[in-house]
Amino acid sequence: MKNYKKEILIEFNELEAQLRNVSLKVNSLQQKMISLIQENDRLNLENKQLLKLNKEEKKNSSNSLKNLDELYAAGFHICREQYGEHREPDEQCIFCLELLDNIKKNN
């Protein structure tokens with residue numbers, strides 16, 4: 001009978017360890033989920049701003065240079081390679097600057 005009790009205790013301890021592992025995994029997934037939700041919120045806001053700027057640009061196609069200047073000044077790429085992607089603060093993009101320069105030369 002003692003072996004039976006010992007086996008039950010061993011199984012209980014193993015189950016307890018498994019529950020701890022599951023709890024750790026759940027906590028880890030929860031932190032990842034929180035991070036993803038925050039990133040999603042940030043991207044949704046950025047997307048709304050880009051859509052608003054894009055809508056304004058379509059309304060004022062005659063002011064395309066001004067709009068592109070504003071997008072670039074707001075921290076977004078305007079070049080074909082990375083259009084709409086957010087630039088890091090003080091980051092310069094040679095492709096965006098070349099595009100602006102070419103448009104200014106043609107106007």
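Trainee: Which residue forms a salt bridge with E46?

Mentor: A salt bridge is counted where a side-chain nitrogen of Lys or Arg lies within 4 Å of a carboxyl oxygen of Asp or Glu. The closest N and O atoms of the E46 pair are 3.5 Å apart, and side chains of opposite charge can pair when their charged atoms come close. The partner of E46 in this salt bridge is R42.

Trainee: What kind of model is this?

Mentor: Residues are numbered from 1 along each chain as its sequence is written, and side-chain values use heavy atoms, with hydrogens and water left out. Local features need pLDDT of at least 70 and side-chain atom pairs count only at pLDDT 80 or more, while totals for chains, interfaces and linings use all residues, for this model is predicted.

Trainee: In which helix do E46 and R42 both lie?

Mentor: Helices (H or I, at least four residues) and strands (E, at least two) are DSSP runs, numbered from the N terminus. E46 and R42 are four residues apart, about one turn of the helix, and both lie in α1.

Trainee: Leaving aside neighbours within four places in sequence, which residues is E46 in contact with?

Mentor: Contact means that heavy atoms lie within 4.5 Å. With sequence neighbours within four places left aside, the residues in contact with E46 are F76, G84 and H86.

Trainee: How many salt bridges does a search of the whole structure find?

Mentor: Besides the pair of E46 and R42, E16 forms a salt bridge with R20, their closest N and O atoms being 3.6 Å apart, and these two residues are separated by about one helical turn because they are four residues apart in helix α1 (residues 2–59). K105 forms a salt bridge with D101, with closest N and O atoms 3.3 Å apart, and this pair is likewise four residues apart, in helix α3 (residues 94–106). K105 is exposed, with a relative accessible area of 61%, whereas D101 is partly exposed at 37%. For salt bridges, the search of the whole structure finds three.

Trainee: How many disulfides does a search of the whole structure find?

Mentor: A disulfide is a covalent bond between the sulfur atoms of two cysteines, and here it is counted when a pair of cysteine sulfur atoms lies within 2.5 Å. The number of disulfides found in the whole structure is zero. For C79 the nearest cysteine sulfur, that of C96, is 3.6 Å away, and for C93 the nearest is also that of C96, at 3.6 Å. The number of disulfides is therefore, by the cut-off of 2.5 Å, zero.

Notes. Buried < 20%, exposed > 50% of the residue type's maximum accessible area, 1.4 Å probe, protein only.
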